[in-house]
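Visitor: I have a new model open and would like to learn how to read it feature by feature. Could you walk me through it?

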Amino acid sequence: MQYYLINIYGIVQGVGFRPFVSRLFSKKGIKGSVKNTGSCVEILLAGDIAGDGLLDRIREKAPYRADIVEISLSPVTEDEYEKRIKGDIPVAGEEGKDFFIAESPEGDIEDAPLFIPPDIAICDQCALELYQKGSRRYLHPFINCTQCGPRLTIIDSLPYDRKRTSMKDFPMCPSCEKEYRDPSDRRYDAQPVCCNDCGPLLYFLEKDDGGGFAETARRTDAITRARQTIIDGGIVAVKGIGGFHLYCNACDSKAVGRLRELKDRPAKPFALMVSSLERAGEICDLEGSFIADPSEREAYHRTAIRLLTGHRKPIVLLRKKSSDLPDIIAPDNPSLGIMLAYAPVQLLLFSCPDGLDKAMPDVLVATSANRRGGVICREEADVMETLGGVCDGILSNDRPILTRADDSVVDIYRGEPYMIRRSRGYAPLPVVIERTRTGPDVLAFGGELKNAFCIGRGSFMYPSSYIGDLSDVRSTKALDETVDRFIAMLDARPEIIVADKHPGYMSRAAAERYQAAHQGTRLYYIQHHYAHVLSVMAENHYYDQTIGISFDGTGYGDDQTIWGGEIFLCDSRDYRRKAHIAPFIQSGGDMASREGFRIALSMLFDRYEEGEICDIIKKTGFCQEKYLRPLMAMHERRINSVSSTSCGRLFDAVSAILGIRESSTFEGEASMALEFAAERYLKENPEGGFPSMEFTERPGIMPTDQLFYRITEERLSGRDKGELAFLFHKVLAEFTTAMAERIREESGCSVAALSGGCFQNRLLLSLTEDGLKEKGFKVLRAHEIPPNDGGIALGQCLYGKVL
């Protein structure tokens with residue numbers, strides 16, 4: 001007889017893994033046990049498994065939603081086996097079996113990799129059962145099984161068992177408990193299992209004449225009231241898996257316009273939730289017909305379908321088709337953010353046999369219940385306080401959301417997913433680093449915008465779910481409490497704290513608060529754009545010398561100026577700033593980040609006289625003349641002005657001077673409009689010849705100022721703004737490639753890493769990536785970690801790991 005201890009690491013909790021293992025080994029007549037320890041599944045075996053391929057079968061036949069990262073097998077002695085098996089306590093119903101499921105151990109989690117399971121979208125079986133008359137879960141808004149349902153958002157601590165989740169407040173009825181204990185049932189060991197008799201309660205709060213909210217319906221009647229409110233043109237806040245969303249009829253331009261006005265969101269695109277894949281195909285191009293290359297077009301189609309219908313169901317950015325949807329949903333934007341219903345309550349909003357006279361819309365605006373990019377509301381009180389004047393009703397329930405998880409947002413780049421916001425369904429899946437780099441536990445606090453933090457424990461780094469912009473005090477509070485929860489779940493003991501260098505960032509303040517409260521921890525500061533590069537390196541498991549290209553909005557530079565168009569020669573331990581875009585004066589503080597015309601004026605001040613600039617304003621209309629003299633005075637006297645190499649602000653300046661967008665109502669609006677103008681021109685002129693441009697070279701400085709002046713002159717001569725928008729992208733990519741070549745000549749480094757928010761721009765990314773590859777560079781880029789500020793905590797965490 002042989003004896004073994006097997007540890008399986010990965011997403012192996014909450015997906016029916018222990019029942020799967022139990023069935024597998026019981027069929028083989030092998031004795032032993034299986035249990036959860038942290039997020040590791042531990043298997044104790046007594047039997048001959050040599051040559052049986054059982055470990056391969058575990059990988060191949062594991063539950064669909066499991067994600068195995070590592071399997072370790074160790075032989076043990078008979079004495080050790082007997083000691084361990086006697087200490088294992090079978091769960092109810094497993095007594096007397098040769099191979100049984102054991103209770104999870106209490107107390108501290110052993111020092112091993114942990115995996116907190118992300119929330120999983122409703123599976124096909126539960127979606128069918130939801131509408132089966134006579135089923136115990138007919139129209140049950142919390143239906144789930146081992147293959148679907150909430151995970152991260154309801155977990156209080158690990159190991160993942162019901163008593164450590166927010167479902168502990170809902171004792172199972174006898175029927176649910178029978179399913180939970182039955183190895184042949186698909187709800188066997190499903191921690192959130194419940195039904196209409198024992199599950200959470202759904203209810204509807206309706207706005208009264210005084211502006212408050214009062215309960216008017218429960219259970220299915222609550223869904224009916226929410227549906228009727230939406231049909232009548234109202235706005236409803238709905239409690240989902242990871243927070244509240246605001247819903248309204250996407251085909252009702254009046255309702256959408258009212259939502260924009262009440263939420264103070266004049267132009268930022270709204271995400272849409274559609275009733276079916278077929279409806280998604282009616283309003284968006286799922287086939288990739290705009291892509292010339294057949295193989296890439298097929299890859300685009302496969303990826304779009306997989307993302308929309310898979311077990312994560314993020315918001316997917318897809319090209320618009322001509323449809324019945326009003327333009328106000330995504331003004332002047334060629335794409336729409338589309339998702340399918342991922343929670344049972346969302347399915348019930350679209351379809352419920354309640355006999356309403358009017359049909360429910362099959363496309364809904366589904367936007368996070370928050371203010372200006374802040375943290376998503378998770379409690380009714382939050383909704384009433386921050387959005388009480390926006391919604392006409394609240395569809396809520398009494399199951400607490402312990403950890404917020406906003407919707408993930410994924411673009412598709414060259415047939416592959418390209419993460420924009422990593423949260424529900426993805427976080428907190430870890431990124432693995434070399435075991436030689438494990439070091440002490442690290443806590444990295446991320447950036448100011450699109451905040452997410454990251455915890456490094458052992459050889460795993462765990463990026464958190466999306467928090468939001470930290471300009472709102474509610475977001476900073478959410479950051480603090482979510483950090484504490486993740487540390488507890490991961491049983492982490494951070495010794496090293498990493499924060500952004502910017503002295504005014506709330507994320508830095510949060511890091512300093514944490515250090516002050518935990519004696520013995522060491523706090524390190526890291527430059528923002530270097531952290532961007534490290535994030536891409538970490539995701540690609542590359543730690544050696546790299547030419548790091550970080551094109552971003554703004555970050556605090558080592559020289560106390562604003563950086564954002566940087567090229568480094570770096571590795572995972574250190575960096576040297578080798579080049580950057582041409583600096584300009586950024587006047588007006590935060591206003592300059594929203595009003596690109598200020599940057600354009602500032603750049604004009606460095607070349608033209610006042611009268612000439614007046615003529616440029618009159619000919620192009622890129623701004624109002626009243627701004628000229630006040631901003632000129634600020635520029636000359638350096639009042640509220642600072643030197644900047646921000647690539648994002650350069651995009652804004654070009655967008656303004658071309659008359660595309662003079663200002664932005666949300667982050668990146670002007671830059672996005674510039675990209676879309678360039679893409680439209682390229683689509684209409686795919687083979688167009690573009691004249692070469694000559695620029696004066698300066699050591700370490702890309703001549704982007706000369707490019708800006710050339711574009712200004714060409715625009716004044718009447719050249720098409722779309723062509724000039726494309727030329728800007730093309731020449732900037734050429735500058736970047738040329739500078740990388742010079743750095744390679746000096747250093748011998750042939751690896752380039754692309755990161756920063758500007759590389760959300762697919763046109764700039766493709767031109768830069770292609771240019772570098774043509775010159776023989778190996779190019780690293782983001783995939784499932786955002787290239788924007790939502791990804792920098794991973795880079796910070798890697799830095800903390802290699803100190």
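Guide: Gladly, and please keep in mind that this is a predicted model. Let us start with a strand pair: β1 (residues 3-11) runs antiparallel to β3, and seven bridges join the two. Within this pair, Tyr4 stands opposite Leu45 of β3.

Visitor: Which strand pairs with β3 in the antiparallel sense over seven bridges, apart from β1?

Guide: That is β2 (residues 31-37), again antiparallel and again with seven bridges to β3. Here Lys35 is found opposite Glu42 of β3.

Visitor: How do I read the two faces of a strand such as β3, and are they covered or open?

Guide: In a regular strand the side chains alternate between the two faces of the sheet. For β3, Cys40, Glu42, Leu44 and Ala46 lie on one side, Val41, Ile43 and Leu45 on the other, and all of these are buried. In other words, seven of the seven residues of β3 (residues 40-46) are buried.

Visitor: Now a bigger pattern. What is the strand order in the open sheet of 11 strands?

Guide: The order reads β7-β6-β14-β8-β9-β13-β10-β12-β11-β15-β16, and the pairing is mixed. β7 (213-218) and β16 (416-421) are at the edges with a single partner strand each, so one side of each has no neighbour in the sheet. Ignoring direction, neighbouring strands here are turned by 35 degrees against each other on average.

Visitor: Where can I see a parallel pair in it?

Guide: Look at β10 (residues 271-274) and β12 (residues 335-340), which run parallel and are joined by four bridges. Val274 is placed opposite Leu340 in β12. Helix α9 (residues 294-309) packs on this sheet and touches β11 (315-319), β12, β15 (409-413) and β16, with its direction at about 145 degrees to that of β11.

Visitor: How should I describe the packing of α17 with α18?

Guide: Begin with the angle and the separation: α17 (residues 610-620) and α18 (residues 628-637) pack at about 135 degrees, with axes 12 Å apart. This makes α17 oblique to α18, and the crossing is right-handed. Then list the contact: Glu610, Ile613 and Cys614 of α17 meet Leu628, Arg629 and Met632 of α18. By class, that contact has four nonpolar, no polar and two charged residues.

Visitor: Last, a single residue. Is Cys173 buried or exposed?

Guide: Compare its relative accessible area with the cut-off: buried means under 20%, and Cys173 has 13%, so it is buried. Cys173 sits in the loop between α4 (124-129) and α5 (174-181). Leaving aside residues up to four places away in sequence, Cys173 touches Arg136, Cys195 and Cys198. Pro503 is 330 residues from Cys173 along the chain, and their C-alpha atoms are 54 Å apart.

Definitions and conventions:
Residues numbered from 1 in each chain as written. Predicted model: local features only at pLDDT ≥ 70, side-chain atom pairs only at ≥ 80, totals over all residues. Heavy atoms only, no water. Pairing = 2+ DSSP bridges. Axes fitted to C-alpha atoms, helices over the stretch in contact; angles between N-to-C directions. Contact = heavy atoms within 4.5 Å. Parallel < 35°, antiparallel > 145°, perpendicular 65-115°, else oblique. Left-handed = near helix turned anticlockwise from the far one by under 90°. Nonpolar A, V, L, I, M, F, W, Y, C, P; charged D, E, K, R; others polar. Buried < 20%, exposed > 50% of the residue type's maximum accessible area, 1.4 Å probe, protein only.
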